Amino acid sequence: TPPVVADEASLNTGVTDALKDYPTVKGEVSDSVINLSGSIKRSDWQKLMPTLNTLHPKRVNSSNLTIK
């Protein structure tokens, strides 16, 4: 079976909720991909990434995110 990919509305809601504790991170959803920018501490990133994956995006793009 193909992997489940959440719809845009669910992803937007989930991303907004997941990022509320991380004010230095911006996230936007495009074609079921979560695009992140800003900066985050490595310890926080290790907590945030699994949360984002549970939203079932196509993928998480963190190339514009600075991990300190």
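Contact here means that heavy atoms lie within 4.5 Å, and this sense of the word applies to the contacts followed below in what is a predicted model.

Strands of a sheet pair through backbone hydrogen bonds, either parallel or antiparallel. In this model, 3 strands form an open sheet in the order 1-2-3, and the pairing within it is mixed. Strand 1, covering 25-30, and strand 3, covering 59-67, are the edge strands, each of them pairing on one side only, while neighbouring strands of the sheet are turned against each other by 15° on average, with direction ignored. Strand 2, made of residues 33-40, runs parallel to strand 3 and is joined to it by 7 bridges; within this part of the sheet, serine 39 has threonine 66 of strand 3 as its bridge partner.

Two helices lie across these strands. Helix 1, residues 8-19, lies across strand 1 and strand 2 and runs at about 175° to strand 1, whereas helix 2, residues 42-53, lies across strand 2 and strand 3, running at about 165° to strand 3.

The loop between strand 1 and strand 2 contains serine 32, a residue that counts as buried because its relative accessibility is 10%, which falls under the 20% limit for that class. Leaving aside residues up to four places away in sequence, serine 32 touches Val5, Ala6, Glu8, Leu11, Pro57, Lys58 and Arg59. For one of these, alanine 6, the C-alpha atom is separated from that of serine 32 by 7.0 Å, although the two residues are 26 residues apart along the chain.

Terms used: Residues are numbered from 1 along each chain as its sequence is written. This is a predicted model: local features need pLDDT of at least 70, side-chain atom pairs count only at pLDDT 80 or more; totals for chains, interfaces and linings use all residues. Side-chain values use heavy atoms; hydrogens and water are left out. Two strands pair if DSSP finds at least two bridges between them. Helices (H or I, at least four residues) and strands (E, at least two) are DSSP runs, numbered from the N terminus. Axes are lines fitted to C-alpha atoms, for helices over the stretch in contact, and angles run from 0 to 180 degrees between N-to-C directions. Buried means under 20% relative accessible area, exposed over 50%, partly exposed in between (1.4 Å probe, protein chains only).
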